[in-house]
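The following report sets out the architecture of a two-chain model, chain by chain, and then the contact between the chains.

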Amino acid sequence: MTLLITVFAAVIVTAIWYFRKNDEMQLLTLCFLYWGASIMWLVDAVFEYIGDGAAFFSPALEDMLNDTYLGLSVVALGLVIWIVKLLITDPKGSVRMALRKG
Amino acid sequence: MACFLVPAAEAVVVKAVEKMVKKSEAEAVLSADGNEEKEIKIPFSRKLNWLSNMLIGGVILLLFEHIWHGEVVPWFPFLTAMSSPSETAAMLLEMSTAGVCMAVLVTVVWAVMCFAADSIVNRKNRKSLVKGVEE
C-alpha cells in the first residue's frame, strides 16, 4: 500500500511538472523524491514476494491500514521537504520581498 | 532493517562526484574561447544531480519508514538490529541483497532516463537544424 500510494504521488507530480511551462515551483525535486522512494520500495516488495509468495497480495486488514497510514505520512513528509526547499531557495523572490516589507 | 544504508552511501559518493564534475565543467566554460559552435547538450553534472536527488529522496523516505517500524531509533547504536549478533547478520544479509538491488535499480533507471533525455534533446536539435536549413 505504501508503494502504491507513493507511485500514485510520483505519477501525479510528474504529470503536473510536465504540463507546467516552467519549473519555478521546483516540482522536479518532488518527482525525484517520490520516484526514488518508489523504486526502492518496489525492490522491497519483490523481496517480500519472493519470501511470502502469493500471501504478499492478501495482507491482513490491520497491516493494510497501517501501510496506508504510512503511505499518506510519506507523501506528507515529501511535500513538507519540497515546500521547505522551495521557501529556502525562493526562486520567485517572494520570501525575500515579504521579509523586506515586514 | 537497514537496506537504505547502501543507497545512502551511493548518494554521498554521487554528490561528491557531482560537485567535482560541476567545478570542472565551470572551468571548461571559462577556458572556452567562445568561437566554437555551441551544441546543446545536457551537462553531466545535471544528470548526476538527478541521480543524487533520486537517491537522497528515496533514502529520506525509507529512513522515515524504518523509524515508523521501530527499526531505527534515536539512541546508540541507532539500529535495533544491532542488539544481537544473529539480527546483525540478518541485517547485513538484507543490506547485501535488497540494499544493493535498490542502489543498482535506481542507477539503471537513471541511466535509461539519461539516454532518453539525450535522445529527446538530439531530436530537438535535429528539428531546429532542419528548420534553419529550410529557411
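## Chain B: contacts and composition

In chain B, residues 24 or more positions apart account for 78% of the contacts with a separation of 6 or more; two residues are in contact if their C-beta atoms, placed from the backbone, lie within 7 Å. The model is predicted, so local features need pLDDT of at least 70 and side-chain atom pairs count only at pLDDT 80 or more, whereas totals for chains, interfaces and linings use all residues. Residues are numbered from 1 along each chain as its sequence is written, while chains are lettered from A and ligands numbered from 1 in the order in which they are written.

Chain B has 3 helices and 0 strands, and its elements run α-α-α from the N terminus on. Helices (H or I, at least four residues) and strands (E, at least two) are DSSP runs, numbered from the N terminus. Of the 135 residues of chain B, 24% count as buried. A residue is buried if 20 or more other C-beta atoms lie within 10 Å of its own, exposed if 12 or fewer, and partly exposed in between, with C-beta atoms placed from the backbone.

## Helix α1 of chain B

Helix α1 of chain B comprises 27 residues, 5–31. The expected span is 1.5 Å times one less than the number of residues in the helix. The buried residues of α1(B) are B:Val6, B:Pro7, B:Glu10, B:Ala11, B:Val14 and B:Glu18.

## The α2–α3 loop of chain B

Most residues other than glycine have a negative phi, and most peptide bonds are trans. The loop between α2 and α3 of chain B contains B:Pro77, which is joined to B:Phe76 by a cis peptide bond with omega about 5°. B:Phe78 is found in that loop too and has a positive phi of about 75° although it is not a glycine. B:Phe78 counts as exposed because it has 11 C-beta neighbours inside 10 Å.

B:Val73 also lies in the loop between α2 and α3 of chain B. With 13 C-beta neighbours inside 10 Å, B:Val73 counts as partly exposed. Leaving aside neighbours within four places in sequence, B:Val73 is in contact with B:Phe78 and B:Thr80. The C-alpha atoms of B:Val73 and B:Met102, 29 residues apart along the chain, are separated by 22 Å.

## Chain A: overall form

Chain A has 4 helices and 0 strands, which follow the pattern α-α-α-α along the sequence. The radius of gyration of chain A is 18 Å, well over the 13 Å that the globule rule gives for 102 residues, so chain A is more spread out than a compact globule. The radius of gyration is taken over C-alpha atoms, and the globule rule is 2.2 Å times the number of residues to the power 0.38. Taken along the principal axes, the C-alpha atoms of chain A fill a box of roughly 60 × 25 × 20 Å.

Buried residues make up 26% of the 102 residues in chain A. Among contacts in chain A between residues at least 6 apart in sequence, 75% join residues at least 24 apart. In the loop between α1 (2–19) and α2 of chain A lies A:Gln26, a residue other than glycine whose phi is positive, near 55°. A:Gln26 is partly exposed, with 15 other C-beta atoms within 10 Å.

## The interface between the chains

In the interface, 20 residues of chain B are in contact with 17 residues of chain A. On the side of chain B that touches chain A, α2 (44–68) and α3 (85–134) of chain B each supply at least two residues. The largest share of that side, 12 residues, comes from α2(B). By class, the side of chain B that touches chain A has 15 nonpolar, 4 polar and 1 charged residues. Ala, Val, Leu, Ile, Met, Phe, Trp, Tyr, Cys and Pro count as nonpolar, Asp, Glu, Lys and Arg as charged, and the others, Gly among them, as polar.

## The α2(A)–α2(B) crossing

The axes of helix α2 (residues 27–52) of chain A and α2(B) come within 7 Å and cross at roughly 65°. Axes are lines fitted to C-alpha atoms, for helices over the stretch in contact, and angles run from 0 to 180 degrees between N-to-C directions. The crossing of α2(A) past α2(B) is right-handed; a crossing is left-handed if the near helix is turned anticlockwise from the far one by less than a right angle, and right-handed if clockwise.

The residues of α2(A) that meet α2(B) include A:Phe32, A:Trp35, A:Gly36 and A:Met40, and among their counterparts in α2(B) are B:Trp50, B:Gly57, B:Gly58 and B:Leu62. By class, this contact has 11 nonpolar, 5 polar and no charged residues.
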